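Reader: Please take one part of this model and go through it closely. I would like the aromatic ring pairs, with their geometry and their surroundings.

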Amino acid sequence: IGAAFFIIALYFGKKRALEFAGTLVTAYYLSLVIFYIWPSIGPFAFCTTHFASYPHSLATYGFQKAFLEKAIALWTHHQPSPVSTDFYNAFPSMCIAQPLIVLWFLRKWKRIAVVLMVYDGLLMPAILLLEWHYFIDLVGGVAVTAIAIAMVNAERKETESLSPGLPSSSESSGRSFSTSRG
(Lines give C-alpha, C1' and ligand atoms only; values in the text may rest on other atoms or scores of the structure.)
Protein backbone atom coordinates (compact mmCIF):
# COMPACT_ATOMS: atom_id res chain seq x y z
CA ILE A 1 0.00 0.00 0.00
CA GLY A 2 2.82 2.38 0.87
CA ALA A 3 4.72 1.65 -2.33
CA ALA A 4 1.53 2.07 -4.36
CA PHE A 5 0.90 5.43 -2.69
CA PHE A 6 4.37 6.69 -3.65
CA ILE A 7 4.13 5.34 -7.22
CA ILE A 8 0.73 6.97 -7.70
CA ALA A 9 1.94 10.26 -6.21
CA LEU A 10 5.08 10.23 -8.34
CA TYR A 11 3.43 9.44 -11.67
CA PHE A 12 -0.09 10.84 -11.28
CA GLY A 13 0.31 13.60 -8.73
CA LYS A 14 -0.77 14.33 -5.20
CA LYS A 15 -4.47 14.51 -6.01
CA ARG A 16 -4.59 10.98 -7.43
CA ALA A 17 -2.54 9.64 -4.49
CA LEU A 18 -5.03 11.19 -2.10
CA GLU A 19 -7.85 9.59 -4.09
CA PHE A 20 -6.09 6.25 -3.55
CA ALA A 21 -5.86 6.90 0.19
CA GLY A 22 -9.47 8.08 0.19
CA THR A 23 -10.58 4.87 -1.51
CA LEU A 24 -8.83 2.79 1.16
CA VAL A 25 -10.41 4.84 3.94
CA THR A 26 -13.83 4.65 2.26
CA ALA A 27 -13.52 0.87 2.04
CA TYR A 28 -12.61 0.69 5.73
CA TYR A 29 -15.55 2.84 6.76
CA LEU A 30 -17.94 0.82 4.60
CA SER A 31 -16.53 -2.32 6.20
CA LEU A 32 -17.06 -0.91 9.68
CA VAL A 33 -20.64 0.10 8.89
CA ILE A 34 -21.37 -3.39 7.58
CA PHE A 35 -19.66 -4.89 10.62
CA TYR A 36 -21.75 -2.68 12.93
CA ILE A 37 -24.96 -3.84 11.24
CA TRP A 38 -23.89 -7.48 10.95
CA PRO A 39 -21.09 -8.23 13.44
CA SER A 40 -19.14 -11.37 12.64
CA ILE A 41 -15.86 -12.85 13.69
CA GLY A 42 -14.26 -16.04 12.57
CA PRO A 43 -14.08 -18.40 10.85
CA PHE A 44 -13.70 -21.04 13.46
CA ALA A 45 -12.87 -24.69 13.04
CA PHE A 46 -15.07 -26.78 15.32
CA CYS A 47 -13.20 -29.96 14.45
CA THR A 48 -11.75 -31.48 17.63
CA THR A 49 -8.63 -32.70 15.83
CA HIS A 50 -8.11 -29.46 13.92
CA PHE A 51 -5.29 -28.16 16.07
CA ALA A 52 -3.60 -31.55 16.30
CA SER A 53 -2.92 -31.44 12.57
CA TYR A 54 -2.44 -27.68 12.28
CA PRO A 55 1.28 -26.81 12.09
CA HIS A 56 2.34 -25.29 15.41
CA SER A 57 5.17 -23.43 13.72
CA LEU A 58 2.78 -21.08 11.89
CA ALA A 59 2.02 -17.78 13.60
CA THR A 60 -1.65 -18.29 12.81
CA TYR A 61 -1.83 -21.34 15.11
CA GLY A 62 -2.11 -19.26 18.27
CA PHE A 63 -4.63 -16.87 16.75
CA GLN A 64 -6.83 -19.69 15.50
CA LYS A 65 -6.71 -21.46 18.84
CA ALA A 66 -7.67 -18.29 20.72
CA PHE A 67 -10.47 -17.55 18.25
CA LEU A 68 -11.81 -21.09 18.66
CA GLU A 69 -11.84 -20.72 22.44
CA LYS A 70 -13.85 -17.50 22.09
CA ALA A 71 -16.25 -19.14 19.65
CA ILE A 72 -16.86 -22.04 22.02
CA ALA A 73 -17.47 -19.59 24.87
CA LEU A 74 -20.01 -17.72 22.75
CA TRP A 75 -21.62 -20.96 21.59
CA THR A 76 -22.03 -22.28 25.15
CA HIS A 77 -23.30 -18.86 26.37
CA HIS A 78 -20.33 -18.28 28.66
CA GLN A 79 -19.14 -14.74 29.12
CA PRO A 80 -16.26 -14.27 26.66
CA SER A 81 -13.37 -12.01 27.49
CA PRO A 82 -13.93 -8.35 26.63
CA VAL A 83 -13.08 -7.17 23.14
CA SER A 84 -9.42 -6.24 22.97
CA THR A 85 -6.69 -5.89 20.38
CA ASP A 86 -7.04 -9.53 19.32
CA PHE A 87 -10.46 -8.88 17.81
CA TYR A 88 -10.80 -8.97 14.03
CA ASN A 89 -13.94 -8.59 12.00
CA ALA A 90 -14.57 -11.22 9.37
CA PHE A 91 -17.18 -9.83 7.03
CA PRO A 92 -16.30 -8.17 4.72
CA SER A 93 -12.68 -9.16 4.22
CA MET A 94 -10.37 -6.17 4.01
CA CYS A 95 -7.55 -8.68 3.42
CA ILE A 96 -8.72 -8.91 -0.17
CA ALA A 97 -10.13 -5.38 -0.51
CA GLN A 98 -6.78 -3.66 0.02
CA PRO A 99 -4.86 -5.53 -2.70
CA LEU A 100 -7.77 -5.07 -5.11
CA ILE A 101 -7.75 -1.31 -4.53
CA VAL A 102 -3.99 -1.27 -5.16
CA LEU A 103 -4.57 -3.28 -8.35
CA TRP A 104 -7.24 -0.81 -9.48
CA PHE A 105 -4.99 2.21 -9.05
CA LEU A 106 -1.91 0.57 -10.63
CA ARG A 107 -3.78 -1.19 -13.45
CA LYS A 108 -2.27 1.02 -16.18
CA TRP A 109 1.10 -0.70 -15.78
CA LYS A 110 0.55 -4.10 -17.33
CA ARG A 111 3.47 -5.87 -15.66
CA ILE A 112 2.58 -4.60 -12.22
CA ALA A 113 -1.09 -5.43 -12.84
CA VAL A 114 -0.23 -9.01 -13.82
CA VAL A 115 1.91 -9.47 -10.69
CA LEU A 116 -0.87 -8.05 -8.53
CA MET A 117 -3.48 -10.28 -10.21
CA VAL A 118 -1.34 -13.35 -9.54
CA TYR A 119 -0.86 -12.17 -5.94
CA ASP A 120 -4.61 -11.67 -5.47
CA GLY A 121 -5.28 -15.02 -7.12
CA LEU A 122 -2.96 -16.77 -4.67
CA LEU A 123 -4.13 -14.70 -1.72
CA MET A 124 -7.74 -15.84 -1.93
CA PRO A 125 -7.11 -19.57 -1.51
CA ALA A 126 -4.43 -18.85 1.11
CA ILE A 127 -6.93 -16.88 3.19
CA LEU A 128 -9.42 -19.74 2.93
CA LEU A 129 -6.88 -22.49 3.63
CA LEU A 130 -5.51 -20.68 6.68
CA GLU A 131 -9.13 -20.24 7.81
CA TRP A 132 -8.90 -16.48 8.22
CA HIS A 133 -12.14 -15.89 6.35
CA TYR A 134 -15.08 -17.70 4.86
CA PHE A 135 -15.64 -17.47 1.10
CA ILE A 136 -18.57 -15.06 1.61
CA ASP A 137 -16.19 -12.71 3.48
CA LEU A 138 -14.04 -12.50 0.34
CA VAL A 139 -17.11 -11.80 -1.79
CA GLY A 140 -18.04 -9.05 0.66
CA GLY A 141 -14.51 -7.62 0.41
CA VAL A 142 -14.77 -7.51 -3.38
CA ALA A 143 -18.16 -5.78 -3.10
CA VAL A 144 -16.80 -3.19 -0.63
CA THR A 145 -13.90 -2.57 -3.01
CA ALA A 146 -16.23 -1.99 -5.95
CA ILE A 147 -18.45 0.37 -3.94
CA ALA A 148 -15.49 2.35 -2.56
CA ILE A 149 -13.93 2.72 -6.01
CA ALA A 150 -17.28 3.75 -7.50
CA MET A 151 -17.83 6.34 -4.75
CA VAL A 152 -14.40 7.91 -5.18
CA ASN A 153 -14.61 7.83 -8.98
CA ALA A 154 -18.07 9.41 -8.88
CA GLU A 155 -16.67 12.22 -6.72
CA ARG A 156 -13.73 12.59 -9.12
CA LYS A 157 -15.97 12.80 -12.19
CA GLU A 158 -18.22 15.32 -10.44
CA THR A 159 -15.22 17.48 -9.52
CA GLU A 160 -13.81 17.29 -13.06
CA SER A 161 -17.18 18.25 -14.59
CA LEU A 162 -17.38 21.32 -12.34
CA SER A 163 -13.97 22.55 -13.51
CA PRO A 164 -13.59 21.48 -17.16
CA GLY A 165 -10.76 23.93 -17.91
CA LEU A 166 -8.36 22.42 -15.36
CA PRO A 167 -6.05 19.55 -16.34
CA SER A 168 -6.78 16.11 -14.92
CA SER A 169 -4.58 14.72 -12.15
CA SER A 170 -2.51 12.67 -14.61
CA GLU A 171 -1.85 15.75 -16.74
CA SER A 172 -1.04 17.95 -13.76
CA SER A 173 1.81 15.73 -12.57
CA GLY A 174 3.93 16.84 -15.50
CA ARG A 175 5.00 13.29 -16.37
CA SER A 176 4.23 11.42 -19.53
CA PHE A 177 2.65 8.02 -19.15
CA SER A 178 3.37 5.00 -21.28
CA THR A 179 1.75 1.62 -20.70
CA SER A 180 4.33 -0.17 -22.79
CA ARG A 181 7.12 0.56 -20.32
CA GLY A 182 5.38 -1.41 -17.48
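**Aromatic pairs and the helices around them**

Author: In this predicted model, the count comes to 4 aromatic pairs (rings of Phe, Tyr and Trp, the last by its six-membered ring, with centres within 6.5 Å; planes under 30 degrees apart are stacked, over 60 edge-to-face, the rest tilted). Tyr11 and Trp109 make an edge-to-face pair, with 5.4 Å centre to centre and 70° between the planes. Tyr11 sits in helix H1 (residues 2–12) and Trp109 in the loop between H5 and helix H6 (110–129), so this pair ties together parts 98 residues apart in sequence. Helices here are DSSP runs of H or I with at least four residues, strands are runs of E with at least two, and both are numbered from the N terminus. Tyr11 is partly exposed, at 35% relative accessible area. Trp109 is buried, at 7% (buried is under 20% relative accessible area, exposed over 50%, partly exposed in between; 1.4 Å probe, protein chains only).

Phe20 and Phe105 also pair edge-to-face: 5.3 Å centre to centre, 70° between the planes. Phe20 belongs to H2 and Phe105 to H5, so the pair ties together parts 85 residues apart in sequence. Phe20 is buried, with a relative accessible area of 0%. Phe105 is buried too, at 4%. Ring pairs also link Tyr11, Phe12 and Trp109 into a cluster.

The axes of H2 (residues 14–37) and H5 (residues 94–105) come within 11 Å and cross at roughly 155°. Axes are lines fitted to C-alpha atoms, for helices over the stretch in contact, and angles run from 0 to 180 degrees between N-to-C directions. H2 and H5 are therefore roughly antiparallel (over 145 degrees; under 35 is roughly parallel, 65 to 115 roughly perpendicular, the rest oblique). In H2, the residues that meet H5 include Phe20, Leu24 and Tyr28. In H5, Ile101, Trp104 and Phe105 are among those that meet H2. Contact means heavy atoms within 4.5 Å.

Last, the whole chain. The protein chain has 8 helices and 0 strands. Of its 182 residues, 35% are buried.

A note on the numbers. Residues are numbered from 1 along each chain as its sequence is written, and side-chain values use heavy atoms, without hydrogens and water. Local features need pLDDT of at least 70 and side-chain atom pairs count only at pLDDT 80 or more, while totals for chains, interfaces and linings use all residues.
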